[in-house]
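Subject: Model for your files

Hello,

Here is the model we spoke about, with notes on what was found in it. Please look through the coordinates before reading on.

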Amino acid sequence: MRAPGRIGAARAVKRLRARDPELAATRRACRTALVMPALFALCTQVFHSHVMASYAAFASFSMLLLVEFTGPMMQRLRAQLSLTAAWGVLICLGTVVAHPPWAAVVSTVVVGFLVLFGGVVSSVLAGASTALLLAFILPVTTPAPLAQLPERLAGAGLAAAAAALAICLLWPRPAGDPVAPPAARVCRAAALQLRTEAAHLDGGPQAPGVPLCGVAAERTEAAAEDLRHAFEATPYRPAGLSATSRALVRLVDELTWLRGILDDTADYGDHVPRPDPAARAARRAAADVLDEAAVLLGDLRADTAGLRSSAAALRSALDHMEERSTTRLPAVRPGTVTEVYGFLTSLDLSFRAHELGFAVLQIAANVQQAAAAEQRSWAERLLGLEPDDPTAPLAAAAARARAHLERHSMWLHNSVRGAIGLGIAVALAGATSVQHSFWVLLGTLSVLRSNALNTGQSAVRAVMGTVVGSVVGAGLLRLIGHHGTVLWFLLPLAILLAGIAPAVISFAAGQAAFTITLVVLFNIDQNPDWHIVLLRIEDIALGCGVSVLVALFFWPRGASAAVDHALADAYTESARYLTSTVEYAVGSAAGPVGPGQALRAGREAAAAARRLDDAFRNYLAERGSKQMPLADMTTLVTGVVGLRLAADAVLSLWRHADGRFPGADRDEARRTLLAATTRVTDWFGYLGATVEHGAALPAPVEHDPALAGRLADTIFRALHDDQEQDAATAVRLIWTRDHLDAARRLQPSLAAAVAGHADARPAAGGTGRTPPHSSG
């Protein structure tokens, strides 16, 4: 029988791993708990400089706990060097402008805006924004003569050197992304499944049987499940916001989507028709692409030429298969219903190869983007240069910043809100003559770093945590009395708790632990005074109140609300794009439709997808509670890709068609397909309204066998016609219906992802946005 203490410790470790899966917060907290007290002791006991001690303590706290850079070790050290240089510049600036008070307020607003808005340029700047703000807040709220500047810089420099050593030697962060290895295993398993199924369709005595195909499918399913579990256990905090990480986040759902396509095999009974040889070649070409993607996922810094070459071969195979399927009809035209349906079944197998080919090409593009992002130079990472962007890094950063200098930009809103809040806090701290204006700024910063919609809740939690931390700190000082040496032993424990508590316990617990850390830090080497500790509640409460007031006044929209709006917009535009491509294929009620409308809709859908990517990046960067788990939010973001790919496929199918379906059969096919399109795209409009407004979401659209039957009758008549162009166009109609059905099959997983999100907000009834209709 195990001892109760051992059982309790095991439960604590299990809880820690559940709340901090990769132990990222624990790693940062442990480093800080070792380095920060050591630096504070060195500066106070050896150098006898409390100024150096303060700056060394807060700089190490900032560089080790508030930010963690990704990539190879040399990239991380370059990032730390850049952060050190930025700290030096901001300390000098903050020291110079601390007098007079108006200069401190104006400079705080300007610097706060530039630092916060700079996050739009790159994920590196977005993840380091809080650390950079602390570098300026510390000197600007503690006015001192310029003679103190060398000591301040020495303390920060000492902390930077210690942080660099800690990053290299103390529990180094894994260089690779934890999602990449399981994603590579899914690619290899799916490639094996495709080759096995292609060999089975070849037939012959040596062909693998159905049981072997089932084993290959089970391996793919198991690998996909392992990938999903690895993804859900991976913390994507500000340290994991790089372009590489975002591409791999999207890859998870794209591979899940590919698995769904592979599993969605029609039941043809005992007599599976042999598909066009071009369809089998397309499957093998897709397998080659997946193998190359797996190799690149194993080393994202490797050459991408193999993946590019195999992707080009797959595109060629898909074009060849499409040409054979739509222009090369059977040598003997089917004359009976059974023969017609046999031909349609072979078309279905070709379509499934066409569908998975598009999915594999999207996966290849994402893996290639991840590799290109990983292979950027440090300057390109810092300035946020997108992979394969020919623009110079500085020009690209300036263009991205200019794009968000408009009144609807969420980055602009939050940057102005934060800058104004910090400026008001500096002004109030000076006007009220509080003893420690630095504490006021900490209270403001601690709340503004979370989203504006939750600021009221965060402020209450911050004040509660501060009160609890102050009371606990005062109690400790009361118990310690004049035995101040005990505080040296308590400091590492307090820092460790302050680093772990926000991730493992709660935001309020983190505030309490941080307050206890400051209480201990400010009373070391002093006469402990618990009365002064209680007075700090007033200062921090004032800072929290400022942040609430500013957040309510300046555009109360956080990253969660912004990504909801971007999702709704992306689904609306992508659904309109799909409607436009179908109208281009079959015409509208008013007559034939040219490609211009579909191309414009495609550009608008692509622009909406880019806005969604920006909002999703800020959503990942945002601190504080999330309304939806990352896995569900990623499913919704990736669903936009699936919807746009269905539209891309329909447009590609019809752009090279020689004509349209003639006569009464065309009118019947047009009415049938447009009705089906409206049913499918309207649902995506309701999905957007649910995400953004909480409107009721209808059940996913069910499969309509009557539609398939009516189109099959149209094909039957076309195959008896003497005009080969009519039959080829009829084949395109069948594939258009299949692409619509592929979009429909996205709906159940999207509905499951949005269910918890919709339950978390009040129902909006009929107040949501109107879904898009076939009129576009």
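Setting aside neighbours within four places in sequence, A156 is in contact (heavy atoms within 4.5 Å) with Y55, A56, A59, M63, W87 and I91. A156 belongs to helix 8 (residues 149–169); helices here are DSSP runs of H or I with at least four residues, strands are runs of E with at least two, and both are numbered from the N terminus. With a relative accessible area of 5%, A156 is buried. Buried means under 20% relative accessible area, exposed means over 50%, and partly exposed lies in between, for a 1.4 Å probe and protein chains only. The C-alpha atoms of A156 and S60 are 7.7 Å from each other, although the two residues are 96 apart along the chain.

Two notes on provenance. This is a predicted model, in which local features need pLDDT of at least 70 and side-chain atom pairs count only at pLDDT 80 or more, while totals for chains, interfaces and linings use all residues. Residues are numbered from 1 along each chain as its sequence is written, and side-chain values use heavy atoms, with hydrogens and water left out.

Overall picture

The protein has 29 helices and zero strands. Of its 776 residues, 56% are buried. Among contacts between residues at least 6 apart in sequence, 83% join residues at least 24 apart.

Helix packing

Helix 4 (73–97) and helix 5 (residues 101–117) pack with their axes 9 Å apart, at an angle of about 150 degrees. Axes are lines fitted to C-alpha atoms, for helices over the stretch in contact, and angles run from 0 to 180 degrees between N-to-C directions. Helix 4 and helix 5 are therefore roughly antiparallel; the classes are roughly parallel under 35 degrees, roughly antiparallel over 145, roughly perpendicular from 65 to 115, and oblique for the rest. L90, L93 and V97 of helix 4 meet A103, A104, S107 and V111 of helix 5. By class, this contact of helix 4 with helix 5 has six nonpolar residues, one polar and no charged. Ala, Val, Leu, Ile, Met, Phe, Trp, Tyr, Cys and Pro count as nonpolar, Asp, Glu, Lys and Arg as charged, and the others, Gly among them, as polar.

Helix 5 also packs on helix 7 (residues 129–140): the axes come within 10 Å and cross at roughly 170 degrees. That makes helix 5 roughly antiparallel to helix 7 as well. From helix 5 the contact takes A104, S107, T108, V111, G112, V115 and L116, and from helix 7 it takes S129, L132, L133, F136 and V140. Eight of the residues in the contact of helix 5 with helix 7 are nonpolar, four are polar and none is charged.

Helix 11 (residues 243–263) has 21 residues and spans 30 Å from first C-alpha to last, close to the expected 30 Å at 1.5 Å a residue; the expected span is 1.5 Å times one less than the number of residues. Helix 11 is mostly covered, with 18 of its 21 residues buried.

Aromatic pairs

Rings of Phe, Tyr and Trp (its six-membered ring) pair if their centres lie within 6.5 Å; planes under 30 degrees apart are stacked, over 60 edge-to-face, and the rest tilted. This rule gives five aromatic pairs. One of them is F40 with W488, tilted, at 5.9 Å centre to centre and 50 degrees between the planes. F40 is in helix 2 (residues 24–46) and W488 in helix 20 (residues 486–504), so the pair links distant parts of the chain, 448 residues apart. F40 is buried, at 5% relative accessible area, whereas W488 is partly exposed, at 22%.

F61 and F514 form another tilted pair, at 5.4 Å centre to centre and 35 degrees between the planes. This pair joins helix 3 (residues 50–65), which holds F61, to helix 21 (residues 507–523), which holds F514, across 453 residues. F61 and F514 are both buried. Ring pairs also link Y571, W683 and F684 into a cluster.

Backbone points to check

Most residues other than glycine have a negative phi, and most peptide bonds are trans. The peptide bond from H99 to P100 is cis, with omega near -10 degrees, and P100 is in the loop between helix 4 and helix 5. H48, not a glycine, has a positive phi of about 50 degrees. H48 is in the loop between helix 2 and helix 3 and is exposed, at 61% relative accessibility. W171 also has a positive phi, near 50 degrees. W171 is in the loop between helix 8 and helix 9 (180–202) and is partly exposed, at 39% relative accessibility.

Regards
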